[in-house]
Amino acid sequence: MLKDYLIVERSALPDYFLRVVEARKLLESGACAQVGEAVQRAGISRSTYYKYRDKIIEPAELNIGQKATLMLSLVHEAGSLSRVLNAISEFGANILTITQSLPIHQQAGIMLSLDLSNAKEPVERMLDALQKLEGVERVRLLAVE
């Protein structure tokens, strides 16, 4: 079943896909009672909404993603990795594996596999929090299972 799906970064999608999600949220929240009103507020046609409404799903709506693989680039300084590991722990994720490369040009590459089954918040919030940590240059989600 999952072979029919792709995970695509939001910025790579055509604008109307995001507007379909917006219209669906308006309907589900009760902010709009009818499809016509929701699509008008979202700025799309009814046909676009009906064509894609069941084909666009946000990751938060799925009950998958118990494991994830992250790639991080850290500044090579004392405490950088410790801050990352503490933040992951605070989100309730468990670290399964850690692979660290030798620092080159004062940057260390870290690959983490995580168990997210007990995570307190969605993985995207954890990624945002990790990106804001001191010493973290880049965070990239490589895979979700």
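## Salt bridges

R125 and E121 are joined by a salt bridge (a side-chain nitrogen of Lys or Arg within 4 Å of a carboxyl oxygen of Asp or Glu), with the closest N and O atoms 3.5 Å apart. R125 is partly exposed, at 48% relative accessibility, and E121 is likewise classed as partly exposed, at 36%; buried means under 20% relative accessible area, exposed over 50%, and partly exposed in between, with a 1.4 Å probe and protein chains only. The model is predicted: local features need pLDDT of at least 70, side-chain atom pairs count only at pLDDT 80 or more, and totals for chains, interfaces and linings use all residues. Residues are numbered from 1 along each chain as its sequence is written, and side-chain values use heavy atoms, with hydrogens and water left out.

The count of salt bridges comes to five. Among them is the one between E77 and R83, at 3.4 Å from N to O. E77 is partly exposed, with a relative accessible area of 37%, and R83 is partly exposed at 27%. Another joins R19 to D15, where the closest N and O atoms are 2.4 Å apart. These two residues are four apart in helix α1, and therefore about one helical turn separates R19 and D15. An α-helix has 3.6 residues a turn, so residues three or four places apart point the same way. R19 has a relative accessible area of 29% and is partly exposed; D15, at 43%, is also partly exposed.

## Helix α1 and its cover

Helices are DSSP runs (H or I, at least four residues), numbered from the N terminus. Helix α1 has 15 residues, which at 1.5 Å a residue should span 21 Å; its end C-alpha atoms are 21 Å apart, in agreement. The expected span is 1.5 Å times one less than the number of residues.

The buried residues in α1 are F17, V20, V21, A23, R24 and L26. Their cover includes α2 (35–42) and α3, where contact means heavy atoms within 4.5 Å. After α1 comes G30, with a positive phi near 90°.

## Aromatic pairs

Four aromatic pairs are found in a search of the whole structure. Y16 and Y52 form a tilted pair, with 5.7 Å from centre to centre and 40° between the planes. This pair links distant parts of the chain, since Y16 lies in helix α1 and Y52 in helix α3 (residues 46–52), 36 residues apart. Y16 is partly exposed, with a relative accessible area of 34%, whereas Y52 is buried at 17%. Rings of Phe, Tyr and Trp (its six-membered ring) pair if their centres lie within 6.5 Å; planes under 30 degrees apart count as stacked, over 60 as edge-to-face and the rest as tilted.

Y49 and Y50 form an edge-to-face pair, at 5.4 Å from centre to centre and 70° between the planes. Y49 is buried, at 5% relative accessibility, and Y50 is partly exposed, at 38%. Ring pairs also link Y16, F17 and Y52 into a cluster.

## Nonpolar surface patch

I7, L141 and V144 form a nonpolar patch on the surface, with about 270 Å² of accessible area together. Patches are made of residues with over 30% relative accessible area and no salt bridge; like charges are joined within 9 Å, and nonpolar side chains (Val, Leu, Ile, Met, Phe, Trp, Tyr) within 5 Å. Accessible areas come from the Shrake-Rupley method with a 1.4 Å probe, and for residues only the protein chains shown count as cover. I7 lies in the segment before α1 (15–29) and is exposed, at 73% relative accessibility.
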